[in-house]
Amino acid sequence: MVFGTGSSSTKSTKGVEEVGGNLSVLIVDDDPIILRIHRMMLNKFGLVTHVVENGKEAVDLFRSGSCFDMVLMDMEMPIMDGPKATQELRAMGVNSMIVGVTSRGLESEKQSFMGAGLNRCHEKPLTTDIVTSLVQELIKHY
Amino acid sequence: MERNQLHRQVANMRKSLFDQGFLDEQFIQLEELQDDANPNFVEEVVTLYYRDSTRLILNIEQALEKSPLDFTKLDSLMHQFKGSSSSIGAKKVKLECTQFKEYCKAANGEGCKRTFQQVKKEYGTLKKKIEVYFQVDGRRWLGGVAISGGIALRQWRRINIRRDGTGKGASSRSGVDWTGGIEVVRI
């Protein structure tokens with residue numbers, strides 16, 4: 001486990017802690033269980049999280065001027081799905097890191113989602129190892 | 001029941017849930033997220049799962065009553081339920097969901113109906129087992145337990161106790177009144 005909160009932190013985790021509090025993540029998912037789990041995982045890194053239940057709410061947030069360093073985008077959602085929301089965000093000029101999450105295991109489906117403008121795509125629920133690598137990648141850009 | 005005995009009971013129950021295939025690695029991921037600031041995280045997530053999935057199960061049941069069956073819709077509904085079940089590590093439930101989806105792909109209505117009964121059976125079995133596990137695990141956190149004739153006197157340490165301002169409170173788990181630092185619980 002890389003969740004360091006004290007003197008036992010590894011160097012890389014300490015780096016996450018220093019930056020973590022300044023980084024924000026928008027979690028876009030209609031599954032309340034996934035929202036709870038992913039929010040918990042990201043909060044442990046000190047990331048500030050905000051949740052919405054579909055792609056349209058995500059797009060509306062950015063359109064209203066909100067800004068997030070990373071977006072965790074579910075693939076299948078009512079009203080507006082992940083691929084459509086991702087396309088709209090990229091068309092608006094949003095260059096935040098957008099990570100797709102899907103319960104669809106087929107590589108072809110993940111590739112199709114990637115084509116909408118994702119930086120990465122993973123199966124859900126995310127594991128702590130994957131969240132660690134996401135946060136480390138996010139830090140690299142700062 | 002002495003604390004060590006309780007610890008062993010909890011450990012054995014937990015091991016049994018994994019050994020019998022009811023839970024998988026994802027449950028461990030949830031346990032690893034639990035900490036002092038969120039001591040009931042696993043139970044909260046599992047409770048959320050059982051609350052949320054009631055709706056999904058009802059939707060699937062209703063869809064299975066239609067004629068002709070809409071296998072695309074059935075597959076989509078079961079996909080959601082499978083995803084939720086995976087999130088808490090409900091291994092056997094997930095396996096039955098996968099089988100159901102296979103029958104949807106094959107447009108096998110009887111197979112879907114038969115497998116759905118298995119889904120509900122595994123779902124119900126896990127619910128019973130995990131409820132008992134959380135109950136016993138909750139007692140593990142208490143100190144100073146003494147048992148006499150089915151009544152336990154214990155000092156309540158759980159942080160989710162509600163207080164009504166008069167010094168009396170009720171446990172969020174058993175609805176038992178208590179005063180001061182001693183609680184009487186029927187077990």
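**View 1. The open parallel sheet of chain A in the predicted model.** In this predicted model, chain A holds an open sheet of 5 strands in the order 2-1-3-4-5, with parallel pairing; strands are DSSP runs of E with at least two residues, helices are runs of H or I with at least four, and both are numbered from the N terminus. Two strands pair if DSSP finds at least two bridges between them. Strand 2 (48-52) and strand 5 (120-123) of chain A are the edge strands, each pairing on one side only. From one strand to the next, the twist averages 20 degrees. Strand 4 (residues 97-102) of chain A runs parallel to strand 5 of chain A and is joined to it by 4 bridges. Val99(A) has Arg120(A), in strand 5 of chain A, opposite it.

**View 2. Helices against the sheet of chain A.** Helix 3 (residues 55-63) of chain A packs on the sheet and touches strand 1 (24-28), strand 2 and strand 3 (70-74) of chain A, where contact means heavy atoms within 4.5 Å. The direction of helix 3 makes about 150 degrees with that of strand 1 of chain A; axes are lines fitted to C-alpha atoms, for helices over the stretch in contact, and angles run from 0 to 180 degrees between N-to-C directions. Helix 4 (residues 82-91) of chain A lies across strand 3 and strand 4 of chain A, at about 150 degrees to strand 3. Chain A has 6 helices and 5 strands, and its elements follow the order α-β-α-β-α-β-α-β-α-β-α from the N terminus.

**View 3. An aromatic cluster in chain B.** Tyr49(B), Tyr50(B), Phe81(B) and Tyr123(B) form one aromatic cluster. Tyr50(B) and Tyr123(B) form a tilted pair, 4.9 Å centre to centre with 50 degrees between the planes; rings of Phe, Tyr and Trp (its six-membered ring) pair if their centres lie within 6.5 Å, and planes under 30 degrees apart count as stacked, over 60 as edge-to-face and the rest as tilted. Tyr50(B) belongs to helix 3 (residues 41-64) and Tyr123(B) to helix 6 (residues 109-140) of chain B, so the pair ties together parts 73 residues apart in sequence. Tyr50(B) is buried, at 7% relative accessible area, and Tyr123(B) is buried at 11% (buried: under 20%; exposed: over 50%; partly exposed: in between; 1.4 Å probe, protein chains only).

**Notes.** Residues are numbered from 1 along each chain as its sequence is written, and chains are lettered from A and ligands numbered from 1 in the order in which they are written. Local features need pLDDT of at least 70, side-chain atom pairs count only at pLDDT 80 or more, totals for chains, interfaces and linings use all residues, and side-chain values use heavy atoms, with hydrogens and water left out.
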